[in-house]
Amino acid sequence: MPNGTTIVEEEKEFEPPPPERVGEEHGSMTRLVQELVYTVDHKKLGLMYIGSGLLFFVVAGIMATLMRIQLYFPSSKFLEPDVFNRFFTMHGTAMIFLVAMPWVFGLGNYLVPLMIGTRDMSFPRLNAFGFWVFLFSGLFIFASYFTAPGLYNAGSAPNVGWFAYSSLTSKAFSKGHSTDYWTLGLLFNGIGSIATSINFIVTIFCLRCKGMTLGKMPLFVWMILVTAFLVVIAMPPLSAAQIMLTLDRYLGAKFFDTQAGGSAVLWQHFFWIFGHPEVYILVLPAFGAVSEVIPVFSRKPIFGYPVMVAATVSIAFISLSVWAHHMFTVGMTTAENIFFAISTMIIAVPTGIKIFNWLGTMYGGKIRMDVPMLFCIAFLFQFLIAGLTGVMLAVAPFDWQLSDSYFVVAHFHYVIVGGIVFGLFAGYYYWYPKAFGKMLNDKLGHWHFWLFTIGFHLTFDPQHFAGFLGMPRRIFTYEAGRGWEIWNQISTIGVFLQGAGILFFVVNLIHSYIKGKEAGDDPWDAWTLEWATTSPPPEYNFDKIPEVRSRRPLWDLKHPEDPDWKFE
Amino acid sequence: MSAEKIGGLHVGKPHSFVNDPSEEAGPWVLPSQRKVGMICLILTETALFSIFVVAFIFYMGKSLNPPFPRDVIPFPSKTPWLASFALFASSFTIIYAEKMMHKLDRKNFLIWWGVTMALGAYFVFFSFSEWMELIYHEGLTISVNVFGSTFYSLVGLHLSHVIVGLILLSIIFVLTLLGKIPEDHIEHTEMISWYWHFVDCVWVVVLTLVYFISPRF
């Protein structure tokens, strides 16, 4: 289009496809696999992202369980030390890059085109590329367990920790190819993430249905947009650092070789320039899911929509300047310590604004205590505590005491499990009826929620105290009599409750798919566009591209006498 | 546009979202997908380059052993004046080619597009001969010291982008020669020129940093 604009034509009507397509819908297994491999449909890719994320989640969760069993007794011999090292490395790597990222991208992929009223992402083939690169990078990293011993027979899976600090990763200390599996796998994973994120940005800017100005987009779409920008800006530093590391390991470059004038601290800077925004990359879509669920289940529009958007954007900006709070113990100058301590504390302000807005939405609402809402309420409490321990760790002298202790482990698991995973679970219970046309079973959902919540608290609350008592992270065992036993034992018991909760979740997913109650198009009486089409939506999403006038188009449709657009 | 894809069963329900048709706004105009996509790509590439630039600055003057930059790329004598001129000039010739494209003047478009490619190719040729010289005569390799590591990674990253740009330019050139670029593909061509301008802008930074500033060390 030479004038550089896309004008959406009105009244796009479709003829039904020829009847011979009907029989193909439910084919054999080969047909299903073929369809999944060939597909460029954003909904199928979204579900494939979430499904493969769930597989990696189970594997990485089993690793965590084995590590917790090892730590149940002092001086335990359940796992070898190097097996333990591989487990914490792979657990961290998988949970961040192969679980949380695909869950976020999957939810975004499924929902963004539906929510903005369009038929697919801007670049569907790029979208499929992103998914397959993610999946194969994950399989590649895990393949290290079988193939990595290499020439020296000196290791299998990566064992350098998920942030792979330099000098551990140098050729001298990491023989064989285990580190290269980590580096190259995540390099390709990053390329896939960037491709998907560019696709999100273009879709959101260029394919919104008529009337959906930026200020009328659902908050989930806003959060995905900001997340995508963060990926585009923050992922390349990791890729660059990984390229440098590969040059070091294979061509003898000196980037991180301290004996030749290189700097190990530079790796830490580069890693955390990526690493800290990554936390917000993962948590913002969870915020988005919560921002969709809480209004619907409080029967009120979101409180302070423009402030929510502004808070999200400022979180994104500030998150790019807080990275070195991961490095207080490395010995930075006082000026650097002060800068990163203060910027880290400032980021709590927009985050706090969000919590108040969610509370403001619930205040005075007719709250429906369904499973998605339960997850949201637990999310609010847990994310608040995660934020508070975050502010504590932002105080540099406090961090000097507790850095690399179990207090830090407890803090970031509160963020990632208590915040991100709970937010995403709320989203899964909320949108499952849309994706499969069946309601998730309420009873099983309650079992999942209560087991997982209680298990979560039993696991991670005691770790704060273990950290206060001086227990360092990443140790494979500890001596008796340091006062750490009881906290570790409670923690290990909690893991089994979490595992049972996840078992209920998986059973629920399958059971409800087969025997679940029919959901109908709009089971929650919600207000955003994805509920305007059928459940599951047809491949082209909407027969007729919708047109919106307010932030709650379905409210307008259901209440023509009192539409929102009169007040916005 | 991908949004026009159809398939599957016809089960979606029609909904009308217009509550008050009298309040019709003007046409619904959204930005071009290609332009937004290209801007995002340039943004992410900028982030990638920044890290290599930061690494170069961080390691300036930190090499423990020769060859040092003051010996191998001394300021006025070993600065790639001609190659830089060629690359910067190519940014102007490509603008000219675009002008010809908008006039639908295929012959002159091909000439100026070809000149752009020739200038880019000269830059690549120069870089190869410079690297030959540095590696075989000056002994500067990627593994000799931190200057070598940062020099080859930064200049090499830029060079790889020039090569990718050349491949894109030649695809357009060959397709146009075969008469396969109709008028509605003007925007594709424009996007490639955006990319080419970006590669040029990066060279401004690399040239300043590597060839003007680092020889002081």
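**Note on chains A and B**

1. Among the contacts in chain A that join residues at least 6 apart in sequence, 81% are between residues at least 24 apart. The model discussed here is a predicted one. Chain A holds 15 helices and 1 strand. Its radius of gyration is 24 Å, close to the 24 Å that the globule rule gives for 568 residues, so chain A is as compact as a globular protein of that length. The C-alpha trace of chain A spans about 70 × 50 × 50 Å along its principal axes. Of its 568 residues, 56% count as buried.

2. Chain B has 7 helices and 1 strand. Read from the N terminus, the order of its elements is β-α-α-α-α-α-α-α. Of the 217 residues of chain B, 32% count as buried. For contacts in chain B between residues at least 6 apart in sequence, 83% link residues at least 24 apart.

3. In general, a pair of packed helices is described by the angle between the two axes and the distance between them. In chain B, the axes of helix α5 (residues 106-138) and α6(B) come within 10 Å and cross at roughly 155 degrees. An angle over 145 degrees counts as roughly antiparallel, and α5(B) is therefore roughly antiparallel to α6(B). This crossing of α5(B) and α6(B) is left-handed. On the α5(B) side the contact includes B:F109, B:W113, B:M117 and B:V124, and on the α6(B) side it includes B:L159, B:I163, B:L166 and B:F173. The residues of this contact divide into 15 nonpolar, 7 polar and 1 charged.

4. Helix α6 (residues 146-177) of chain B also has its axis within 10 Å of the axis of helix α7 (residues 186-213) of chain B, and the two cross at roughly 160 degrees. Helices α6(B) and α7(B) are therefore roughly antiparallel to each other. Their crossing is left-handed. Residues that meet here include B:F151, B:L154 and B:H158 from α6(B), and B:Y195, B:W196 and B:W203 from α7(B). The contact of α6(B) with α7(B) is made up of 15 nonpolar and 4 polar residues, with no charged ones.

5. B:K35 is in helix α1 (residues 33-58) of chain B.

6. A:P536 is in the loop between α14 (485-515) and α15 (553-558) of chain A. B:P67 lies in the loop between α1 and α2 (69-72) of chain B.

7. Positive phi angles come next. A:S167 is not a glycine, yet its phi is positive, at about 85 degrees. A:S167 lies in the loop between α4 (124-147) and α5 (178-206) of chain A. With 16 C-beta neighbours inside 10 Å, A:S167 counts as partly exposed.

8. A:R474 is not a glycine either, and has a positive phi of about 65 degrees. A:R474 is placed in the loop between α13 (442-468) and α14 of chain A. Because 14 other C-beta atoms lie within 10 Å, A:R474 is partly exposed.

Methods
Residues are numbered from 1 along each chain as its sequence is written. Chains are lettered from A and ligands numbered from 1 in the order in which they are written. This is a predicted model: local features need pLDDT of at least 70, side-chain atom pairs count only at pLDDT 80 or more; totals for chains, interfaces and linings use all residues. Axes are lines fitted to C-alpha atoms, for helices over the stretch in contact, and angles run from 0 to 180 degrees between N-to-C directions. Helices (H or I, at least four residues) and strands (E, at least two) are DSSP runs, numbered from the N terminus. Angles under 35 degrees count as roughly parallel, over 145 as roughly antiparallel, 65 to 115 as roughly perpendicular and the rest as oblique. A crossing is left-handed if the near helix is turned anticlockwise from the far one by less than a right angle, and right-handed if clockwise. Two residues are in contact if their C-beta atoms, placed from the backbone, lie within 7 Å. Ala, Val, Leu, Ile, Met, Phe, Trp, Tyr, Cys and Pro count as nonpolar, Asp, Glu, Lys and Arg as charged, and the others, Gly among them, as polar. A residue is buried if 20 or more other C-beta atoms lie within 10 Å of its own, exposed if 12 or fewer, and partly exposed in between; C-beta atoms are placed from the backbone. The radius of gyration is taken over C-alpha atoms; the globule rule is 2.2 Å times the number of residues to the power 0.38.
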